[in-house]
Amino acid sequence: MLKVIGIGSPFGDDQVGLLLIDELRQSEQLHSYLNSELELLAVDRPGAGLLSLFEGAERVIIIDAVVSGAGLGQLHRWPDSTALESCGCFLLSYGFGLTQALTLGRPLALLPAQLLVFGVEIDPVAAGADLSAMLGHQLPILIDLVIEEILPLLDSF
Amino acid sequence: MLARVEGEGALEIEVRDGKIEELKLRIFEPPRLFEKFLEGRSYDEVADIVARICGICPVAYQMSAVHAIEQVFECDPGPWVREMRRLLYCGEWLESYGLHVHLLALPDYFGFSSVAEMASKFPDEVKRGLALQGIGNEIVRFLGGRSVHPVGVRVGGFYKAPAAAEAAVLLEKVRQQLKHAEALLRWSAALDLPASRQNFVSVSTRHTDEYPMNEGHIVSDAGHDLSIDKFEAHFKEHQAPHTTALHCHLDGRPYLVGPLARLNLNHDLLPDAVKSLLHECGIVMSWMLTVASCRPPLSRPLAKIRPASKRICTTSCWPMGLRMMMPPCVCVPRW
């Protein structure tokens with residue numbers, strides 16, 4: 001089983017992880033894999049609860065927002081959780097975010113066998129119900145990039 | 001700088017000759033101004049707005065708001081709503097205290113830099129804490145629609161009643177977690193905690209026949225037994241110059257609220273099974289409140305346990321909408 005987990009909050013650019021999951025659900029390329037080899041989850045700031053979502057999945061892809069100073073909409077890619085530890089670009093609630101959850105998961109042996117993390121560069125001050133216009137324009141490109149990563153993983157099962 | 005408080009804060013301690021001369025807890029996040037957000041809003045918007053005060057304890061604010069409005073309307077939503085609100089509150093206590101104990105307090109107590117470091121030595125205990133926090137989140141989601149900033153509460157009840165089948169599934173999950181709650185109490189009671197004898201006044205609500213959550217009088221172990229409408233006559237908030245968090249005194253004295261104060265004042269109302277477990281664990285509650293009696297303040301502690309919570313929640317809570325960058329800290333507001 002491959003789980004793709006989008007993380008975010010409901011407003012502004014921080015919802016990009018949630019919106020990408022919505023878009024992946026509509027993808028014809030992924031349709032035949034859903035409910036058997038592929039599960040898509042959109043979660044609102046799960047904190048340490050993220051670890052419980054890994055249950056039953058050998059492979060997990062996570063998509064979350066980042067603010068690193070790179071260009072808006074840039075897709076960052078980390079092939080495992082160790083590579084993330086020195087990265088301070090993920091967003092936090094109460095000082096706890098994706099990096100902290102994954103760091104906690106290692107000693108608890110709760111991480112999946114294979115983990116891939118995508119970070120989407122967002123505008124941290126974009127407020128309101130929608131994505132910022134620039135990130136909105138990038139969304140179709142991001143969807144294609146993520147699907148390109150998902151398909152080989154699914155076909156290798 | 002305090003890293004693991006609910007909000008941003010710093011602690012200044014001045015020690016001379018081994019004695020603390022001055023201690024200031026500075027909460028320096030900006031004032032939230034929720035009172036101003038609420039001005040001009042309809043009564044039915046209030047529950048959703050105040051849920052944003054805190055990402056960890058939103059139910060407390062929702063319950064206070066809807067009960068106040070229902071009091072104005074002289075509206076009684078009935079026994080089912082009352083019971084479900086208690087359930088919702090239990091969910092919040094489970095997730096909030098589960099998080100506080102395992103992710104915030106215990107790493108500090110054991111001297112670990114983080115819960116991840118603590119997890120290397122206490123993996124089963126940390127997993128148990130995450131499971132208890134998780135079931136709390138599920139209960140809040142069950143009635144609130146989502147676990148972060150729930151939206152199910154309204155004046156008069158809930159927007160949607162959960163399905164009975166969903167309730168049955170949740171009930172089974174809760175039953176499975178009882179063993180974890182019991183194990184946590186046994187484990188905590190066996191910790192080698194230093195004796196802490198402090199003289200403080202406990203304040204909580206008190207109900208005639210149940211452990212208090214949403215209803216009752218305001219009582220203290222300094223002899224107070226006040227109806228809710230007497231709150232403003234006895235509790236006075238003031239601004240301390242070193243912090244953005246308002247301070248509050250009861251008849252001119254500082255006091256403690258929260259789980260320990262509630263337990264100190266209401267342990268006789270705990271379910272029998274919990275009382276037995278406390279007894280088994282050697283936790284002795286040495287005093288019982290007699291409501292409406294006026295007595296001189298007693299020496300503390302009442303419970304021979306370390307305070308389980310040092311939360312400052314009234315004004316230092318963060319909305320989960322504030323996801324932070326660190327370091328340096330840059331607020332990323334999401335409303």
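Which helix of chain B gives the most to the lining of the largest cavity?

**Entry 1: ground rules.** I noted that this is a predicted model, in which local features need pLDDT of at least 70 and side-chain atom pairs count only at pLDDT 80 or more, while totals for chains, interfaces and linings use all residues. I also noted that residues are numbered from 1 along each chain as its sequence is written, that chains are lettered from A and ligands numbered from 1 in the order written, and that side-chain values use heavy atoms, with hydrogens and water left out.

**Entry 2: cavities.** I looked up the cavities (on a 1 Å grid over the protein atoms alone, sets of points where a 1.4 Å probe fits but cannot get out), and the count came to three of 30 Å³ or more. The largest cavity holds about 70 Å³, where a volume is the space filled by probe spheres set on grid points joined across faces, edges and corners. For its lining (residues with an atom within 4 Å of a point), I found His67(B), Arg82(B), Arg85(B), Arg86(B), His207(B), Glu210(B), Pro212(B), Met213(B), Asn214(B) and Glu215(B). Helix α4 (residues 79-110) of chain B gives the most, with three residues; helices here are DSSP runs (H or I, at least four residues), numbered from the N terminus. By class, this lining has two nonpolar, three polar and five charged residues, with Ala, Val, Leu, Ile, Met, Phe, Trp, Tyr, Cys and Pro counted as nonpolar, Asp, Glu, Lys and Arg as charged, and the others, Gly among them, as polar.

**Entry 3: α4(B) again.** I then followed α4(B) to helix α6 (residues 123-144) of chain B, where the axes come within 7 Å and cross at roughly 150 degrees. Axes are lines fitted to C-alpha atoms, for helices over the stretch in contact, and angles run from 0 to 180 degrees between N-to-C directions. That angle makes α4(B) roughly antiparallel to α6(B), the class for angles over 145 degrees. The residues of this contact (heavy atoms within 4.5 Å) divide into 13 nonpolar, eight polar and three charged.

**Entry 4: α7(B) and α10(B).** I found helix α7 (residues 164-189) of chain B packed against helix α10 (residues 272-280) of chain B at an angle of about 30 degrees, with the axes 10 Å apart. The two are therefore roughly parallel, a class for angles under 35 degrees. Glu182(B), Leu185(B) and Arg186(B) of α7(B) make the contact with Leu277(B), Leu278(B) and Glu280(B) of α10(B), which by class gives three nonpolar, no polar and three charged residues.

Key. On a 1 Å grid over the protein atoms alone, a cavity is a set of points where a 1.4 Å probe fits but cannot get out, and a pocket is an open set with protein on both sides within 12 Å along at least five of seven lines; lining residues have an atom within 4 Å of a point. Angles under 35 degrees count as roughly parallel, over 145 as roughly antiparallel, 65 to 115 as roughly perpendicular and the rest as oblique.
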